[in-house]
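Hello,

Here is the structure I promised to pass on. My notes follow below it, so please have a look at both when you get a moment.

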Amino acid sequence: MMPEKSKKHNENGFTLVEILCAICILTFGLLAVGTMQISSIRGNHFAGKVTHGTYVACDKMEDLMSLSYSHADLETEVLHVDPSPPAGHEVSWDVVADSPLPDTKTVTVTVTWLEHGAQKTVSVRQIIPRII
């Protein structure tokens, strides 16, 4: 009698279906990471623009704070506009007298710019006291 051959098959390795499923899962994961990267780049770009706008507003506020209390640029009830703002920006400021206390002026500097057709705005507010 002849010995019976083993009917067991060697099942080492992966099938083609398993490899295709793994490639599909990997592809979806990479697409998700790519989408997150694009969103991150857009968010960083917008944050950089807001930071620059804040810098411009703070720089103008420092200029205004260095002026005397009765200077023409600190007149009330007038909307002041910077005649030479940075490229692509519009800088304006408003002064309110005796707010929040007597002998003080509240100055609000506003910087606006266009980004993708939408107007963006940053404002900085400071109280300037009359020093006697």
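Let me start with a term: a salt bridge here is a side-chain nitrogen of Lys or Arg within 4 Å of a carboxyl oxygen of Asp or Glu. By that rule the structure holds 1 salt bridge. The partners are Arg130 and Asp103, whose side chains meet at 3.8 Å, N to O. Arg130 lies in the segment after β4 and Asp103 in the loop between β2 and β3, so the pair ties together parts that are 27 residues apart in sequence. Arg130 is partly exposed, with a relative accessible area of 43%, and Asp103 also counts as partly exposed, at 36%. (Buried means under 20% relative accessible area, exposed over 50%, and partly exposed in between, with a 1.4 Å probe and protein chains only.)

Before going further, please note that this is a predicted model, in which local features need pLDDT of at least 70 and side-chain atom pairs count only at pLDDT 80 or more, while totals for chains, interfaces and linings use all residues. Residues are numbered from 1 along each chain as its sequence is written, and side-chain values use heavy atoms, leaving out hydrogens and water.

Now the sheet. Helices (H or I, at least four residues) and strands (E, at least two) are DSSP runs numbered from the N terminus, and two strands pair if DSSP finds at least two bridges between them. There is an open sheet of 4 strands, with antiparallel pairing and the order β1-β2-β3-β4. At its edges stand β1 (79–81) and β4 (118–129), each with a single partner strand, so one side of each has no neighbour in the sheet. From one strand to the next, the twist averages 20 degrees; axes are lines fitted to C-alpha atoms, for helices over the stretch in contact, and angles run from 0 to 180 degrees between N-to-C directions.

Strand β3 (residues 104–115) pairs with β4 in the antiparallel sense over 12 bridges. Along this pair, Lys105 stands opposite Ile128 in β4, and Leu114 is opposite Gln119 in β4. The hairpin of β3 and β4 has 2 residues between the strands, and His116 takes a positive phi near 55 degrees there.

Helix α1 (residues 16–65) lies across β2 (89–97), β3 and β4, and runs at about 150 degrees to β3. Contact in this case means heavy atoms within 4.5 Å.

The loop between β2 and β3 deserves a look of its own. Asp98 lies in this loop and has a phi near 55 degrees, a positive value in a residue other than glycine. Pro100 is found in the loop as well, and a cis peptide bond joins Ser99 to Pro100, with omega about 5 degrees. Asp103, the salt-bridge partner of Arg130, has a positive phi of about 60 degrees although it is not a glycine.

Finally, the surface. Phe14, Leu16, Ile19, Leu20 and Ile23 make a nonpolar surface patch of about 560 Å². Patches are made of residues with over 30% relative accessible area and no salt bridge, like charges being joined within 9 Å and nonpolar side chains (Val, Leu, Ile, Met, Phe, Trp, Tyr) within 5 Å. Accessible areas come from the Shrake-Rupley method with a 1.4 Å probe, and for residues only the protein chains shown count as cover.

Best wishes
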